[in-house]
Amino acid sequence: MQIVQRLSVLILAAALLQACGGDRSERPKPAMISSGDMADIARTAFEQLKSKSTISTDFESQSRLRCVVGVLAAELPEEARDWDWQTLVFDDPAIDAFALPGAAVGINSGMLALIDDEAGLAAVLGHDLAHLQLGHVAARVSGAFTADTAIAAVQTYRGAQGPQQSRTLYALLGLGSRVGLPLAYSSADESAAFRAGLELSARAGHDPAQMLAWWQKLAATSADSRPAWVSLHGDPTTRLTELRAAMPELTTLFAAAQAGGKRPDCRSSSG
Ligand SMILES: [Zn+2]
């Protein structure tokens, strides 16, 4: 068991070194997995999670998630706007949410319980969608896998008990907490996704003041009681400082969205 654990750390460290660009040597950059292959890999990962997790039977939560993702996706770059978004609420107390490049978004009931309103949900999901929009997920996976090795690894999902290759791939896809390998992005990627996610939410018509309230709530939690999901996204105090700095621009985007009639309300969504 110890050898397996040590091996897992080594493999992950190698993957991270490549994925984070920590190696400044002359080694050529890994070839990017094509967006079509990434979508296939991610869709398979989503199907695996679906078949091996408990899906929430709360129809209202499922509808609201679908509605909020639809509102945000409409603001994504053109090629992502028409993706066939799949959304799913998992019945799982762990604080977790994710967005996959094959146009799939998942959130745990534990995470939903933490969120007060639609703007908070949009802030969380906007952030995950921004990682996709900025190509962070594809770059991280491409740093450690070829399309062929990733396709082979994605099919053998067995959670934290799964084969190492599979666990590493799921971690790089942003599903690390589901395989016992939570994995952060570089702080530069986190900052970029944070800003892009907030802009996405404001453009969709979500009030930045409400997003600020959500991050203030997270930043107010003590480091010991803070959910791992929060720590994975960098220091909440840093995020809060970035958000405050972005407020003038976010307020302008929000005002333009309101003027354009964008007033998202998914509370009574039954889509
Ligand atoms: Zn992030």
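This is a predicted model: local features need pLDDT of at least 70, side-chain atom pairs count only at pLDDT 80 or more; totals for chains, interfaces and linings use all residues.
Residues are numbered from 1 along each chain as its sequence is written.

Most of α9 is tucked away, with 10 of its 12 residues buried. A residue is buried if 20 or more other C-beta atoms lie within 10 Å of its own, exposed if 12 or fewer, and partly exposed in between, with C-beta atoms placed from the backbone. The buried ones in α9 are Ser166, Arg167, Thr168, Leu169, Tyr170, Ala171, Leu172, Leu173, Gly174 and Leu175.

## The whole chain

There are 13 helices and three strands in the chain. Helices (H or I, at least four residues) and strands (E, at least two) are DSSP runs, numbered from the N terminus. Of the chain's 271 residues, 43% count as buried.

Two residues are in contact if their C-beta atoms, placed from the backbone, lie within 7 Å.

## The nonpolar core

The largest nonpolar core holds 71 residues. Such a core is a set of buried Ala, Val, Leu, Ile, Met, Phe, Trp, Tyr and Cys residues joined through C-beta atoms within 7 Å. Touching the most other members are Ala45, Val68, Leu72, Leu125, Val141, Leu169 and Leu173. Helix α6 gives this core its largest share, nine residues.

Take Leu169: leaving aside residues up to four places away in sequence, Leu169 touches Val141, Phe145, Ala150, Ala153 and Val154.

Helix α8 (residues 147-154) and helix α9 (residues 164-175) have axes that come within 8 Å and cross at roughly 105°. Axes are lines fitted to C-alpha atoms, for helices over the stretch in contact, and angles run from 0 to 180 degrees between N-to-C directions. That makes α8 roughly perpendicular to α9. Angles under 35 degrees count as roughly parallel, over 145 as roughly antiparallel, 65 to 115 as roughly perpendicular and the rest as oblique. Ala150, Ala153 and Val154 of α8 meet Gln165, Ser166 and Leu169 of α9. By class, that contact has four nonpolar residues, two polar and no charged. Here Ala, Val, Leu, Ile, Met, Phe, Trp, Tyr, Cys and Pro count as nonpolar, Asp, Glu, Lys and Arg as charged, and the others, Gly among them, as polar.

The axes of α6 and α11 also come within 8 Å, crossing at roughly 75°, so α6 and α11 are roughly perpendicular to each other. Ala119, Gly120 and Ala123 of α6 make the contact with Gln210, Met211 and Trp214 of α11. Gly120 is buried, with 21 other C-beta atoms within 10 Å. From C-alpha to C-alpha, Gly120 lies 8.3 Å from Ala213, although 93 residues separate them in sequence.

From α11 come Pro208, Leu212, Trp215, Gln216, Leu218 and Ala219, and from α13 come Pro236, Thr237, Arg239, Leu240, Leu243, Met247, Leu250, Thr251 and Phe254. This contact counts 11 nonpolar, three polar and one charged residues.

## Helix α10 and its neighbours

For helix α10 (residues 187-203), the 17 residues should span 24 Å at 1.5 Å a residue, and the end C-alpha atoms are 24 Å apart, which agrees. The buried residues of α10 include Asp189, Glu190, Phe194 and Leu198. They pack, with the other buried residues of α10, against α3 (59-73), α6 (118-133), α7 (136-142), α11 and α13. After α10 comes Gly205, whose phi is positive, near 100°.

## A buried loop residue

Where is Asp96? Asp96 sits in the loop between β1 (86-90) and β2 (97-100). Asp96 counts as buried because 22 C-beta neighbours lie inside 10 Å. Not counting residues up to four places away in sequence, Asp96 touches Asn108, Met111, Ser177 and Trp229.

Methods. The expected span of a helix is 1.5 Å times one less than its number of residues.
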